[in-house]
Amino acid sequence: MHMEIAERPGVDPVLARTLAKAIDGSSKARRTIARETGLHKDALLGVIRGTRPVTTEEALRLLSASGVPSKGILALALAGHEELASEWMHQDMGQFWDELFRALPATLAETLGEDLQEIRPRWAVGTSRLVAKLLVEHVRDVINRDLSTR
């Protein structure tokens, strides 16, 4: 049901496509999503078609009403990871990412403490690789412990 998004002034095409995929992939009817988000059905159709600009708050409400982890998926799409946002939005990985996205900043600030001032932007990509490697090890460990308790 997803349509090609037209380039319109004030409309972010990535956001429009992400919202359309979330809405189209939802188990809810469009009219239900419109009602839950406080949007008129015609406004919702404009969002899906990419002809109506959407505020951040509206986007978060639409994602949430579509059963999508809203903040994490919105952040992925706006950070240039539209394909991952689409892939993860209706999977457990989307929920995991949403919760990690919410928890990580405070956890970093708390854990780094005074060392927070020493962080350099150029370390970000390498740090992301390290975090991914640590996560893989952690996930495998949890899976193995789960299997051994069965």
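Predicted model: local features only at pLDDT ≥ 70, side-chain atom pairs only at ≥ 80, totals over all residues.
Reader: Why is the contact between aspartate 24 and arginine 30 called a salt bridge?

Author: The closest N and O atoms of aspartate 24 and arginine 30 are 2.9 Å apart. The cut-off is within 4 Å, between a side-chain nitrogen of Lys or Arg and a carboxyl oxygen of Asp or Glu, so the pair counts.

Reader: What makes aspartate 24 partly exposed?

Author: Its relative accessibility is 27%. Buried means under 20% and exposed over 50%, so aspartate 24 falls in between. Arginine 30 has a relative accessible area of 25%, so it gets the partly exposed label too.

Reader: How do you know that glutamate 36 and lysine 28 form a salt bridge?

Author: Their side chains meet at 2.6 Å, N to O. That is within 4 Å, so the salt bridge stands. As for accessibility, glutamate 36 comes out at 45% and lysine 28 at 32%. Both values lie between 20% and 50%, so both residues are partly exposed.

Reader: What about glutamate 58: buried or exposed?

Author: Buried, because its 12% relative accessibility is under the 20% limit. Glutamate 58 forms a salt bridge with arginine 52, with 2.9 Å between the closest N and O atoms. Arginine 52 itself, at 24%, is partly exposed.

Reader: How many salt bridges does the rule give?

Author: Eight.

Reader: What makes up the largest nonpolar core?

Author: There are 25 residues in it, and Leu19, Leu44, Leu62, Leu63 and Ile73 touch the most other members. Helices H1 (13-24), H2 (30-37), H3 (41-49), H4 (56-65), H5 (70-78) and H6 (82-88) each supply at least two of its residues. In soluble globular proteins, nonpolar side chains tend to be buried together.

Reader: Which residues does leucine 44 touch?

Author: Leaving out residues up to four places away in sequence, leucine 44 touches Ile23, Arg30, Ile33, Ala34 and Leu62. Arg30 is also the salt-bridge partner of aspartate 24.

Reader: On to the largest pocket: which residues line it, and which helix gives the most?

Author: The lining has 28 residues, with Trp97, Leu104, Thr127, Ser128 and Val131 nearest the pocket's centre. H7 gives the most, 11 residues. H5, H6, H7 (92-112) and H8 (124-148) each supply at least two. The volume of the pocket is about 840 Å³.

Terms used:
Residues numbered from 1 in each chain as written. Heavy atoms only, no water. Core = buried A, V, L, I, M, F, W, Y, C linked by side-chain atoms within 4.5 Å. Buried < 20%, exposed > 50% of the residue type's maximum accessible area, 1.4 Å probe, protein only. Helix = DSSP H or I, 4+ residues; strand = E, 2+ residues; numbered from the N terminus. Contact = heavy atoms within 4.5 Å. 1 Å grid on protein atoms, 1.4 Å probe; cavity = no way out; pocket = protein on both sides within 12 Å on 5 of 7 lines; lining within 4 Å. Points joined across faces, edges and corners; volume = space filled by probe spheres on them.
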